[in-house]
Each structure stands twice: as C-alpha cells, then as structure tokens.
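Take a look at the chain below. Then read on for a short walk through its parts.

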Amino acid sequence: MLKFLEISGKTHKFTGFMSIKGNIFTVNITFPEHPSAQNSTLEVFDLLQKVPVSFAPEPEETAHDYCQRLEKYLPQSESIETNIVENILAKFCYLDKVIDELDVLECSGHTIDMTDDFTKIRISGIAGNEKHFLELDVGTEKTQMKVIQHSLPNIPGEMFWKMGTIDSHLATFNALLNQMSDFYENMHTIDELCFVVGPSEITTKTTSRIVKFSEKIFLNIKIDPLISTQVNLSFIGPIVLVEPLRGIYNEKISNWDPEMNVHQNLLRMYDLIYFPMRDNDQETPCNICFDYLNGTSIPIISCDNDKCNVIFHLQCLENYFATLRTSKTMFSLAMGNCPFCRQKLTTFLEFQITEQEERKMNKDEI
C-alpha cells in the first residue's frame, strides 16, 4: 500500500514511495484546495528524473479519495528487499512518527512550521510565548535531530549541541527557560520602568539594556541569563561625570541585595526614586547629521562641557573624529573636541564593544 506523508501543512504537499518493476519512485502531490482534490498537482520521480504521469481528479473528489484511487492506478509491484529500499522506508516511517509528534505539539498550542522538503522544523509558542522557538534539522538519523537555532540567550557550555529527539530538546529548552525566569523578569521591569535606548536590536536572546541615567549619562546593564544577580554595569558619557558613578558602584556592589531585582538595587545604590522615563515629545536630533534616528540608533553621546547640551550618534561622532588629527580612539575610550562648542569630549565606548560581541555571538550557528 502506498502511504502518503504530509510534508507541508501550508501548501498541503504530500509525498510517498512506490516500487515499479524493481525501481523505487517518489510521488509528490500538492492539494491547493485541500481537502478537495481539485487543481491538484502530481509529480512522479525516478530518482531525480521526472516521469510524465497524467492523473486528473474526478469532479468533487476529495484528496483522500484521490490518493486511494491513485494507489490502484499506479502499476505497483511487490517491494524489493534491498538496503536502499529499507533505508528509504525506515526514513519514511521515522518522518511519519515525527509528524505524529508534531501533531500532538500543535494540538497543545505550539505553532509548527517546516520547509517543503521537510529538512527543517520550527516549533514556536513554547511556554505560551510566540517569541520563543526551536529550529531543528531533521537529519538522517532514525530518531535524532540537531538544534540549529533557538530563542534563548547563548550561554557558555551550550546545551543544545547534542543530537536528540524533539522531546529531549524541548525538555532542555523548558528547563533552561525556567532557570532564566528571573532574568526575563528583570529585563521586562527595566523595559517598563526605564528609558531604554539600546541595543539597536532587542530580542529574547539579548542580555543587556542601555538606559538613560541623566541628561549626559547612560548605563549599560548586562545580566547573566542563568544567575540574575550577576550584573555587569558600564557607563556611557563624559569621563568627568562617569568616574564618580563608577566609584559608587565599586563601593556599593558588595551590598547588592539578591532579594531585590536589578532595577531596585540600582535605584538603592544611587539613592534614586526612579530612572528617567521616555518622553516621546522630546526627541533631540544628532548635532552632526541632524536626524534623531540613525538606522535604529539614537544620539546619546555628549561632551564634557556642562553648558553644552548637544548630543551625537556614536557612529556620527566616530566618523567626525576620523577627520581630525587631534582626535583619538583607544580601546573603549574616545577623545577629541566637541563639533559644536569645541571643548573637550571624552566618552567611554564600552557599550559598543559589548553590543557588537553579543550580536556576533547570537548570530553564530550552534
């Protein structure tokens, strides 16, 4: 009996195998009006060579009835016991089992997407959150798959490098997600109660936030996904204003309260009631390009002169410094003269290095 496996739920594409006179053929059928068989497309392949076959659906025929009628129409012979056929059938049975597992996941609220050739599967809606997903390479093993992408932050000792089943990968994912619950709660609180200006692209994998501290100072807060009390704080702004804040941080970090979230600890550390909030009516443009947005970046760099209130995009300032002999950029420190008031401008660029490293790490394949 010729058994068809649905390999694309979106296009309703089915595939199956048959043996005719000692040769194995692949049969592909697409039903654009599923469950109706009308306007269906039939393709038969002998290895990679397409075989011309004409078999039109009858009026008002269903896809199920069409497949049954096709089985009788195609001249099948008994299966040939060869290693090639056995491997094909074993793979076919494996995919059939995978489809059943995916059907169960879909019924439990997950969203399932797959490529037309069924080589990759994406499971999203994990833990009820559409932003969380797993992408699996079906591979050639009978029961093993490899995770090629996921929505969790990349961590040392990546736990998804091993081959495994859908169930084992989901179990690992959910265990990690449970360990990262405090991390995500901290990030959500910062997003809700602070003026977040970066990174330029924030996803479920992002482990840092750049928030406004004052008119000239921004904080880069980086949190360990597995140990949310492990917080790295760096400062963006004129050195004369940054150094006192750095001193307070070094002095009070030993008094960090693990029972409080990151936002509360920082407020307590700097004797604040709240951090500045976003004011959508006040978007000060960059004094070099005169735009507020540069791609997805906003201007946050200012000079040491407390009477000068202009600000710049980091990239615009770096491009400007590159044209001046007196300007220097060493490691995470940029030094030069303000394009507006001509006074000294020194600022730490630690956040740029951190953001570039994190973006590269999150784009690396597992």
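The paragraphs below go from the whole chain to its helices, its strands and a few single residues.

This is a predicted model, in which local features need pLDDT of at least 70 and side-chain atom pairs count only at pLDDT 80 or more, while totals for chains, interfaces and linings use all residues. Residues are numbered from 1 along each chain as its sequence is written, and side-chain values use heavy atoms, with hydrogens and water left out.

Start with the whole chain. It has eight helices and 16 strands. Both are DSSP runs, numbered from the N terminus: helices are H or I with at least four residues, strands are E with at least two. Of the 366 residues, 43% count as buried. Buried means under 20% relative accessible area, exposed means over 50%, and partly exposed lies in between (1.4 Å probe, protein chains only). Now consider contacts, meaning heavy atoms within 4.5 Å. Among contacts in the chain with a separation of 6 or more, 44% are between residues 24 or more positions apart.

Next come the helices. Helix 1 covers residues 63–73, and its buried residues are Ala-63, Tyr-66, Cys-67, Leu-70 and Glu-71. Why do they lie on the same side of helix 1? They cover an arc of only 140 degrees around the axis. The arc is that of the directions from the helix axis to the C-beta atoms. His-64 and Lys-72 are exposed on the other side of helix 1.

Helix 5 spans residues 239–252 and has 14 residues. From first C-alpha to last it reaches 20 Å, close to the 20 Å expected at 1.5 Å a residue. That expected span is 1.5 Å times one less than the number of residues. Val-242, Leu-245, Arg-246 and Tyr-249 are the buried residues of helix 5. Their arc around the axis is only 105 degrees, so they sit on the same side of helix 5. Val-240 and Glu-251 are exposed on the other side.

Helix 7 runs over residues 314–321. Its buried residues are Leu-314, Cys-316, Leu-317, Tyr-320 and Phe-321. They share the same side of helix 7 because they cover an arc of only 160 degrees around the axis.

Now turn to the strands. Strands of a sheet pair through backbone hydrogen bonds, either parallel or antiparallel. Here, two strands pair if DSSP finds at least two bridges between them. Strand 6 (residues 111–114) and strand 7 (residues 120–124) run antiparallel, joined by four bridges. Thr-111 stands opposite Ser-124 in strand 7. Met-114 has Ile-121 of strand 7 as its bridge partner. The hairpin of strand 6 and strand 7 has five residues between the strands. In that hairpin, Phe-118 takes a positive phi near 60 degrees. Strand 7 also pairs with strand 8 (residues 133–137), in the antiparallel sense and over five bridges. There, the bridge partner of Ile-121 is Leu-136 in strand 8.

Leu-219 stands opposite Phe-235 in strand 13.

Asn-186 lies in helix 4 (residues 181–193). Asn-186 counts as buried because its relative accessibility is 7%. Leaving out residues up to four places away in sequence, Asn-186 touches Ile-223, Ser-228, Asn-261 and Val-262.

Finally, look at the cysteines. A disulfide is a covalent bond between the sulfur atoms of two cysteines. The cut-off used here is a pair of cysteine sulfur atoms within 2.5 Å. How many disulfides does a search of the whole structure find? It finds zero. Cys-303 is in no disulfide, and its nearest cysteine sulfur, that of Cys-341, is 3.7 Å away. Cys-303 is buried, with a relative accessible area of 0%. Cys-341 is in no disulfide either. Cys-341 counts as partly exposed, at 21% relative accessibility.
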